[in-house]
Amino acid sequence: MVWPFVDQMNPSGDTLALASTEVDLSQIPEGAQIKVMWRGRPMFVRHRTKAEIEEAQSVSLSQLKDPQTDEDRATAADGTYRPEWLVMSANCTHLGCVPLGDGAGEYNGWFCPCHGSHYDSSGRIRKGPAPTNLPVPEYVFLSDTKIKIG
Amino acid sequence: MSGPSTYKPKPGFETWLDQRLPLIRFANDTMIDFPTPKNLNYWWTFGGILAVCLVLQIITGIVLAMNYVAHTDLAFQSVERIMRDVNFGWLLRYMHSNGASMFFLAVYLHMARGLYYGSYKAPREILWILGVIIFLLMMATAFMGYVLPWGQMSYWGAMVITNLFSSFDQLIPGLGTSITTWLWGGFSVDNPTLNRFFSLHYLLPFVIFAVVALHVWALHVPGNNNPTGIEVKSKSETVPFHPYYTVKDGFAIVIFLMLFAAFVFFNPNALGHADNYIPADPLVTPAHIVPEWYFLPFYAMLRAVPDKLGGVLVMFGSIGLLFILPWLDRAKTKSMRYRPIAKQFWFLFIIAFLVLGYCGSQPADGPIVLVAQIATGYYFAYFLIILPLLAKLETPKGVPTSISAAVLSSDKKGQ
Amino acid sequence: MKKTLFLGLASALALSLASPADAAGYAKQPKDVEWSFSGPFGTFDRAAMQRGFQVYKEVCAACHSMKLLSYRALGEKGGPFEYVKIGDELKHFDNPNDNPVVKAIAAEQVITDGPDEVGDMFERPGRPADRFVSPFPNDNAARAANNQALPPDMSVIVKARPNGANYIYSLLTGYYEPPAGLNVPVGQYYNAYFPGDLKAYWKGEGHAPKGGFISMAPPLIDDIVTYSDGTPATVEQMSKDLVTFLAWAAEPKMEERKRLGFGVMLFLGILALLLYGSYRTLWRDIKH
């Protein structure tokens, strides 16, 4: 009896049907990132430099609050592994602010100005109140220069 | 509502009505003949002031709703239309936005008074708990109202506060995410969120109104506490509410309205935040997110704890404590006027609360976090350790035998 | 005790109000300018507003929209062209649609309207009831034309920045020579009042200079506009005029608000005195 009144607040059909987002990678130079909207929330698409990738891969899992290898994080849902492309949510896992990018913070990745969470160059939480890494959405490579999120 | 009624209906209509629906009797017993301690000071005028605040907020809110559009594409514009084109729209909106601040200013003073004079103690525990419920409802209402103009602070405030619930993922994985998705009606704060916040923002004030009615009812059963904290012993220690307190409260209300008007007419944006005049942008977080000033102490407590779930629990716990306060402080003497040690700790408590407010307004850097942690610690210690211990250890000083005795002795001192 | 408490609460309020304007970065404190509209008695200087509108129209409007304003607002009560000089006398128009200055300003614009009877869009001259025409059709077009930087809408910008009037004035007059040792990226300009963090670009000695990089080239140079009233168009003068216009645009009802405020305060003041008098009289014989 109560359920219809509770459930009406959950995402509605049109919200759920929100199309997936295609991103053209050719426009993003190395060392730069763009923000795209997917399902009403921003996503980072970063073209990482060699140094960033090496730094991310050299971190041992024991140093991490939410252990995940960089390879796991940079692999698309179709299994393509191109470490120069990092696609992940742009909402801090603490309370949802958009972190500052381009090597910000103490771990040369992202820094959230709201409550001071530091992420490394793989988007993994290293310091501050955020509990988890920036989540990686499902995405696939449509071609060499195009991905589809969702 | 309490005690034998003193109302004597005139023959004719009044008697006819009294036998069917004793409205006039009710009004007479609660607002006219109601026996009120004669030694109440100005700190007791905030109840009346708060009633005025609530009524003003409801009236201005209803007319603003006639001109507001709850849609992410139109909300900001519709608020600006109210400011520019709606007749007296600027006045109504500034009254409503500053009115919220005034409401909280008055409620904090009202609560500080209750803490100082022990107004939460028997037989007024339910009165106090109803007050805490009103405070919680006010916070929810104010938060949702602040989202409606759909500026940057609206959006990011909604984002941060609704995300508090995602911390429950640390208890049961997925629980927090389901709650936030349910609150948002989507995968982020968006149009469905704005729409439901508007609906609830319109509803909650009437819920507050109903709880206020219960609060007043619960006040009229034992009657007012007073600065001595000693219960009324004889009728000679009271005066009828009208005209004695209607006039005194009326004076205080007008002084309060002058402060209110000073903000509305001469500095209407002083209590707001410049970023909220920038339309909401989900891609850019403002460099420095702060809630409205009245939430700052609680925001500081949230940030004082480095763990996400911990911070959320501390913040909600700080208000939860107020519910059990009547059973934490078991001291027999109500008024801190006669509790020299407790009084000092009370002052420290007020200072800690203000310090928390200051910390909440600053970026969360090293020393600020440490100060906030100390102040948060004191906040909890005050309720959980200091008050229970003092109830056992402190010897009250110079408690008079009655209100009359207290009045006489202060008279002597005065001469 | 009461006093201490009250002072405490008052100072807490003051403290919580003083949210730091430079928390975002390390910009210089804005200059303290004396404005015609500041203080409880302040009103907008009409001549400055008119000149400021000219600066907006001829310089800023190339990139910055003012979507919340309509042309009619210029001729409404309190607006810059409420009174129009016709011959030797100042004439007031109750309906801004009749105001020749406002009509002329609107008519300079081309508005896309429609659809007409056969369903096509058409172009027509602007009318006073139209909104200010934006320089770009949407934000993406604005970014594309401005090196990915979005020129903010200026309708409420004075209220949308802390200490807005002083800040915008300081920003417009704050394009100083970048200090030696500061690497200014291509397409960016050093501004001492723009919030930013220059540590990464600083090669000189000591602390990095205050300020930040802004994507807007210095918009004003001396005599970029010609004032019809003969006022010398220095950068300072134009900035001051422009900010006066923008302050009005952000808060067009300010004068009405202050006027009403004095009436309300006077009324409440008298009421307070009367109530205090009755309170003292009523309680005279009661020991409390």
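Mentor: Let us begin with pairing: two strands pair if DSSP finds at least two bridges between them. Strands themselves are DSSP runs of E with at least two residues, helices are runs of H or I with at least four residues, and both are numbered from the N terminus. Please keep in mind that this is a predicted model, where local features need pLDDT of at least 70 and side-chain atom pairs count only at pLDDT 80 or more, while totals for chains, interfaces and linings use all residues. Residues are numbered from 1 along each chain as its sequence is written, chains are lettered from A and ligands numbered from 1 in the order in which they are written, and side-chain values use heavy atoms, with hydrogens and water left out.

Trainee: What makes β3(A) and strand β4 (residues 85–89) of chain A a pair?
Mentor: They are joined by 5 bridges in the antiparallel sense, and the requirement is at least two. One place to look is R46(A), which stands opposite L86(A) in β4(A).

Trainee: How do you know that strand β2 (residues 33–38) of chain A pairs with β3(A)?
Mentor: The same test applies: at least two bridges are needed, and β2(A) and β3(A) have 6, again antiparallel. On this side, R46(A) in β3(A) has Q33(A) opposite. The hairpin of β2(A) and β3(A) has 2 residues between the strands, and R39(A) takes a positive phi near 50° there.

Trainee: Why is strand β3 (residues 41–47) of chain A called largely enclosed?
Mentor: A residue is buried under 20% relative accessible area, exposed over 50% and partly exposed in between, using a 1.4 Å probe and protein chains only. In β3(A), 7 of the 7 residues are buried, so the strand is largely enclosed by the rest of the structure.

Trainee: Which residues show that both faces of β3(A) are covered?
Mentor: On one side, R41(A), M43(A), V45(A) and H47(A) are buried; on the other, P42(A), F44(A) and R46(A) are buried.

Trainee: What is the make-up of chain A as a whole?
Mentor: Chain A has 4 helices and 10 strands, in the order α-α-β-β-β-α-α-β-β-β-β-β-β-β along the sequence.

Trainee: Why is chain A called as compact as a globular protein of its length?
Mentor: The radius of gyration is taken over C-alpha atoms, and the globule rule is 2.2 Å times the number of residues to the power 0.38. For 150 residues the rule gives 15 Å and chain A has 16 Å, which is close, so chain A is as compact as a globular protein of that length. Its C-alpha trace spans about 55 × 40 × 25 Å along the principal axes, and 47% of the 150 residues count as buried.

Trainee: What about chain B: how many helices and strands are there?
Mentor: Chain B has 15 helices and 2 strands. With a radius of gyration of 24 Å, close to the 22 Å that the rule gives for 415 residues, chain B is therefore as compact as a globular protein of that length. The C-alpha trace of chain B spans about 65 × 60 × 45 Å along its principal axes, and 56% of the 415 residues are buried.

Trainee: How do you know that chain A and chain C do not touch?
Mentor: Contact means heavy atoms within 4.5 Å. Chain A and chain C have no such contact, and their nearest C-alpha atoms are 9 Å apart. Of the 2 pairs of chains in contact, chains B and C share the most contacts.

Trainee: What do contacts say about the inside of each chain?
Mentor: Take contacts between residues at least 6 apart in sequence: in chain B, 79% join residues at least 24 apart. For chain A that share is 52%, and for chain C, 58%.
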